[in-house]
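Trainee: I'd like to learn how to read helix packing and chain contacts. Could you walk me through an example?

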Amino acid sequence: MEELTIFLVIYGTLLGAFGAAAVLVWFERRLLGFWQDRLGPNRVGPFGIGLALADVIKLLAKEDWVPPFSDRLVFIFAPTAVVITMLLGFAVVPYTEHLFIADLNIGLLFFLGMTSLAVYSVLLGGLGSHNKYALLGGLRSAAQMVSYEVFMGLSLMGVVMISGSFSLVDIVKTQAENGWFVISQFFGFIVFLMAGIAESHRLPFDLPEAEHELVAGFHTEYSGMKFGLFMLGEYLSLILISSMITTIFFGGWLGPSFLPDLVLDFVPPIIWFFAKTGTCICFFILLRAAIPRPRYDQLMSFGWKLLLPLTLVNLLITGAVLLWL
Amino acid sequence: MIQLGLFYMAATITVVASLLAVTRYNASHALIYLIVSLLGSAIIFYVLGAPFAAVLEVLIYAGAIMVLFVFVIMMLNLGAAGVDNEHQWLQPRMWIIPSLLCLLLLAEILFLLNTSSHALSGTVVGPKVVGIELFGPYVLAVEIASMLLLAGLVGAYHLGRRYLLDMRGESL
């Protein structure tokens with residue numbers, strides 16, 4: 001029974017993540033259209049939802065061209081890295097108290113490790129393409145992701161200090177007693193949110209592929225399903241970061257405690273988890289619609305001069321409160 | 001039993017990847033094999049019951065330091081000229097002395113393994129234990145490491161500052 005559950009969770013996660021990523025392609029464009037007061041894709045099927053399928057067919061049917069001047073081994077390896085690492089990251093996400101693939105005692109670190117490995121995709125894509133734009137995109141992403149990884153890890157340490165564990169299930173259980181961490185670790189949450197956007201290089205922090213200056217950045221030379229894998233990786237990391245924000249800062253599968261007990265008993269925990277994650281994804285898409293892309297040096301100085309001191313002060317205060325109160 | 005199989009698989013991958021990393025002519029390929037070898041050793045750590053060390057290996061070595069290595073390779077943009085250079089440098093007779101030294105070390109390890117009888121203990125060392133050890137008995141090592149990092153940081157800051165001044169056409 002136990003093994004069967006884990007088996008089902010693994011395949012459920014796999015299919016769910018792929019399906020959600022495909023639907024997100026359509027959903028994002030539709031939401032952007034809504035927020036920018038235009039129609040968005042509405043031609044294929046009801047509400048245009050067929051676009052998700054049409055996009056997949058298009059990507060699979062396109063010519064998959066490996067440029068002769070590229071470094072073949074590196075070029076082909078690059079797009080797989082982000083998809084593999086992001087899917088591995090889902091292994092530690094607890095959907096409910098008993099529904100997860102693995103509850104590692106280093107769960108949080110495992111997640112950070114997987115996001116830090118995802119950078120190779122962009123990096124090697126830029127390196128293997130032998131293209132100046134791709135190289136510049138890869139360089140930018142290396143600097144951006146290595147920098148924002150620092151704040152991403154540090155911003156979570158306050159949470160780890162309070163809950164006394166790296167295990168994500170324990171972190172959510174602590175929130176059942178102490179209230180959601182978004183209140184007690186508000187600055188940690190802000191920094192993690194920013195670092196999360198930078199790590200998944202979503203707009204407004206998508207400088208590795210800034211179209212107006214770098215053509216398409218690191219994936220300039222990619223076409224067909226290899227390009228599709230990069231897109232898939234981006235959406236997977238968006239979902240992963242959203243579910244991590246839900247788990248770490250918004251109480252995971254817990255319902256909001258101000259609701260009456262009747263509602264909390266009635267709604268199953270997994271619904272709360274997916275509702276929160278979905279809201280988070282919508283927020284990421286809203287950011288894309290609302291904020292212009294910063295300049296590269298602005299991004300770096302924003303990180304090192306504002307976010308790093310903020311996380312350190314947050315850690316200091318959290319430590320002091322835990323020690324003396 | 002499964003643990004043993006996992007260990008030997010990871011160990012084989014690590015050794016093969018390390019060998020390939022040393023013998024590649026193309027610097028970027030060598031780096032990829034080095035990353036694979038680091039990931040392999042992370043799995044070895046995990047199998048031996050040190051999950052914290054394993055994840056740090058991935059996070060710090062594979063995820064941060066190797067990224068900077070690739071970064072430098074990209075900046076240099078070696079390409080075909082770099083491969084030619086490596087061909088000149090990596091001549092067969094270069095391998096004689098390093099191989100001899102390695103063989104000596106191998107003999108030493110085999111001798112040690114034969115004489116001592118340390119079996120795989122299989123105890124799992126959790127992150128909490130590592131933390132308590134690091135900030136308890138080994139706090140001096142942590143302090144020294146932090147000083148070293150601070151020195152590096154100050155040095156890097158100094159170099160960066162001078163470079164910026166030169167860019168603006170000012171002098172120190």
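Mentor: We'll take the chain contact, then a helix pair, then the record. This is a predicted model, where local features need pLDDT of at least 70, side-chain atom pairs count only at pLDDT 80 or more, and totals for chains, interfaces and linings use all residues. Residues are numbered from 1 along each chain as its sequence is written, with chains lettered from A and ligands numbered from 1 in the order in which they are written.

Trainee: How many residues does the contact take from chain A and from chain B?

Mentor: Residues are in contact if their C-beta atoms, placed from the backbone, lie within 7 Å. Here chain A gives 23 residues and chain B gives 20. On the chain A side, α4(A) brings the largest share, 10 residues. By class, that side has 16 nonpolar, five polar and two charged residues (nonpolar: Ala, Val, Leu, Ile, Met, Phe, Trp, Tyr, Cys and Pro; charged: Asp, Glu, Lys and Arg; polar: the others, Gly among them).

Trainee: At what angle do α1 and α12 of chain A pack?

Mentor: Helices are DSSP runs of H or I, at least four residues, numbered from the N terminus. Axes are lines fitted to C-alpha atoms over the stretch in contact, and angles run from 0 to 180 degrees between N-to-C directions. α1 (residues 2-35) and α12 (residues 269-290) of chain A pack at about 55°, axes 10 Å apart. Under 35 degrees is roughly parallel, over 145 roughly antiparallel, 65 to 115 roughly perpendicular, and the rest oblique, so α1(A) and α12(A) are oblique to each other.

Trainee: Which residues of α1(A) meet α12(A)?

Mentor: A:E28, A:L31, A:L32 and A:W35.

Conventions: Two residues are in contact if their C-beta atoms, placed from the backbone, lie within 7 Å. Helices (H or I, at least four residues) and strands (E, at least two) are DSSP runs, numbered from the N terminus.
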